[in-house]
Structures are given as C-alpha cells and as structure tokens.
Amino acid sequence: MKPFSYTRAESAEAATRDGGAAGARFIAGGTNLLDLMKSEIETPASLVDISRLPLGGIEAQADGGLLIGALVPNSDLAADPRIIARWPVLARALLAGASGQLRNKATVGGNLLQRTRCYYFYDRVSPCNKREPGAGCAAIGGHTRIMAVLGGSAQCIATHPSDMAVALRALDATVVTLQADGDRRRIPLGGFYRLPGDTPQIETVLAPGELITGVALPPPPGGARQAYRKVRDRASYAFALVSVAAVVAVAEGRIAHAALAFGGLAPLPWRSAAAEAALIGQAPSRPVFAAAADALLADARGQGENDFKIPLVRRTLIATLAELTETR
Ligand code: SF4
C-alpha cells in the first residue's frame, strides 16, 4: 500500500475543505476503498475520515418522506421499521447486497460510490480506461459475463455493482450534498451517475470535495406494491447478473404507476421510461409485460459471454411484474 496522510474531519465543512485537496479521498466504512488501496488500484495522497460526522440519523420529513444520513449503516437502514413498512424494495435490495458483516460497516454514501467489480479494473496488468485513462479496455473482446448490455461505450462496458442504488432509482431518491463553497445541492439519483462515454474514470457529477450528506426519499406512491428481484451466480454474497426493482400500482384494473430500475445491465442503475410507458394505462397481462421488456431492451447489445443477460432480464422483469400484479 502506498503511503498516505490521514485526517479526521471535525465538521462537514472541514471535510469538504480537506476532501477538495488534490489526491484526497473521503473514507467512512472503507469496505471498498481499503481493498482498492491494498491492491494499489486507488492510491490517494490523503484520507479524510468522515465517520465521526453527525450524519447517522434517519429523519422523517414534512412531505412524508425520509432523509437518510450518509453514514447510516446498510444494516440499520434495512432494519428500520419505516423502511420495511413503506419502502420494502429498499430493504430487500440492501439485504440482497454483500454479507452481514459488510452491511454492518458499509454506509449509504459509500454504497452509492462503490466502484465497479469489472475483473480487469482489479487486475493491474490489464489495460483499463477507468483505472488508467487512455490505456484501453481489456473487457471489450475479453471475458464479458458480468459486463453491461446497455449504456456502455467503446471505452468501458463495466456495470455498477450497487443493489441499494437500483432500489433508490426506482424510488426517485435524491442525493443531498455539501459543496466546498458551502452550498448544498440536491441531485436526483437519475442525474447523479455519468455514463462512461470517453471518460469512464469520471463516474458521478460530484465536484472535488463535494460531500454526500444524505439521501432524500420521497413518500412512496399511494397503493403501490414493491419488489426487488436479484439473479446471481450463488445464493448470497454475489453481485447481480441482473436485478429488477419495481414499484407498481394498479387502480381500477389498470396500471396507474410503474417505476422500474435495473441492476447488472449498465454502468449505472438503469431506468427505462419506455418500459414504464408501455405499462401505464394497461390492464396487467403477460403480453403487456413482454412489451415493456421489449421497450427496455430495444438498444441492448451483448458482448458474447453476457448475451444471456438479455433473455434473463426479460424473464426476471416479467416474473416480477406478474408477482406484483398477481397476474397468472
Ligand atoms: Fe476498465 Fe471499464 Fe474496460 Fe472494465 S470495462 S476494463 S472497468 S475500462
């Protein structure tokens, strides 16, 4: 591991100041960053420890939603009775991620910012544009089982690994931040992550030193049912091959609300307005669900080893919608 300096932030303002220095990284749970540092995939000049900041609460909001502090452990969030009762898709997604020990340590903010699990990103002898801009991408033409079928570029086809972020995307969550100049920002999760394009090393719209202080969760749509379905290579402690977060309401026999987000398919938690539009106003049926899958996958492209993801997510989406709407 390369040498680095360490400071413990006494306030969020001090954290943004120190975190804005060249080569600085925030650390809280450290469940991903420490592994990356040991492998010298990440070599920060300084670590700014934010783990003692008062960002560990879950507060009810006037609109009926919640403000979740960035330092809330994943385990605590999954066990919160309000989350279980009103945002069960989030509790399910959290419990589908990592292991109990990791969930006890990992935080909400860190979960959002975890790095891809692309094999080549972690293999320092392979070219990787995300690790070393301009080096090339060993995944393209290499092993692609876990790679993206939507949203990739000629520079990077890695997927985003978070389950939590997929559920938050379906729930229209907003990331709350504090910037180095003292201003606060509220960034809808749909605008938080960047597609890889020509700069896959830049993964979010966060500015240097900008600190995630929380995640705002709006109240769930009235009457909606929620589900998170994850397909993976083993029953626990594995990243999604594909996953579906669905929030669906049916009123008077027609689908009145549909929010669908997908993991394992793309470089960011993927949402498809076309798939949702194919459902709204329709009576639930398997042909309608298949039309939504067609809309989702119109631009999907496999890379060989990951071609299976296209029919797999199609079946997973249809099964999830059938479960939520009790369609045979
Ligand atoms: Fe690196 Fe992205 Fe290519 Fe993986 S897919 S090797 S992360 S550039």
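This is a predicted model: local features need pLDDT of at least 70, side-chain atom pairs count only at pLDDT 80 or more; totals for chains, interfaces and linings use all residues.
Colleague: Which strands stand at the edges of the open five-stranded sheet?
Modeller: The order in this open sheet is β4-β5-β8-β6-β7, with antiparallel pairing, where strands are DSSP runs (E, at least two residues) numbered from the N terminus and two strands pair if DSSP finds at least two bridges between them. Because each edge strand has a single partner, one side of it is left without a neighbour in the sheet, and the strands in this position are β4 (58–60) and β7 (184–188).

Colleague: Which residue of β5 does A60 stand opposite?
Modeller: β4 and strand β5 (residues 66–69) pair in the antiparallel sense over three bridges. Within β5, the residue opposite A60 is L66.

Colleague: How many residues of strand β10 are buried?
Modeller: Strand β10 (residues 242–251) pairs in the antiparallel sense with strand β9 (residues 225–231) over seven bridges, and with strand β11 (residues 254–263) over nine bridges, again antiparallel. Taking buried as under 20% relative accessible area (1.4 Å probe, protein chains only), β10 is mostly covered, and of its ten residues the number buried is eight.

Colleague: Which residue takes a positive phi in the hairpin of β10 and β11?
Modeller: In β11, L260 is the bridge partner of A246. The hairpin has two residues between the strands, and the residue with a positive phi, near 50 degrees, is E252.

Colleague: How many residues of the shell around the ligand are nonpolar?
Modeller: Of the 14 residues around the ligand, those that come nearest are C118, C128, C137, Q155 and C156, a residue being near if one of its heavy atoms lies within 4 Å. Nonpolar here covers Ala, Val, Leu, Ile, Met, Phe, Trp, Tyr, Cys and Pro. The shell holds two polar residues and one charged, and the number of nonpolar ones is eleven.

Colleague: Why does A14 count as buried?
Modeller: A14 has its place in helix α1 (residues 12–19), a helix being a DSSP run of H or I with at least four residues. A14 counts as buried because its relative accessibility is 11%.

Key
Residues are numbered from 1 along each chain as its sequence is written. Side-chain values use heavy atoms; hydrogens and water are left out. Buried means under 20% relative accessible area, exposed over 50%, partly exposed in between (1.4 Å probe, protein chains only).
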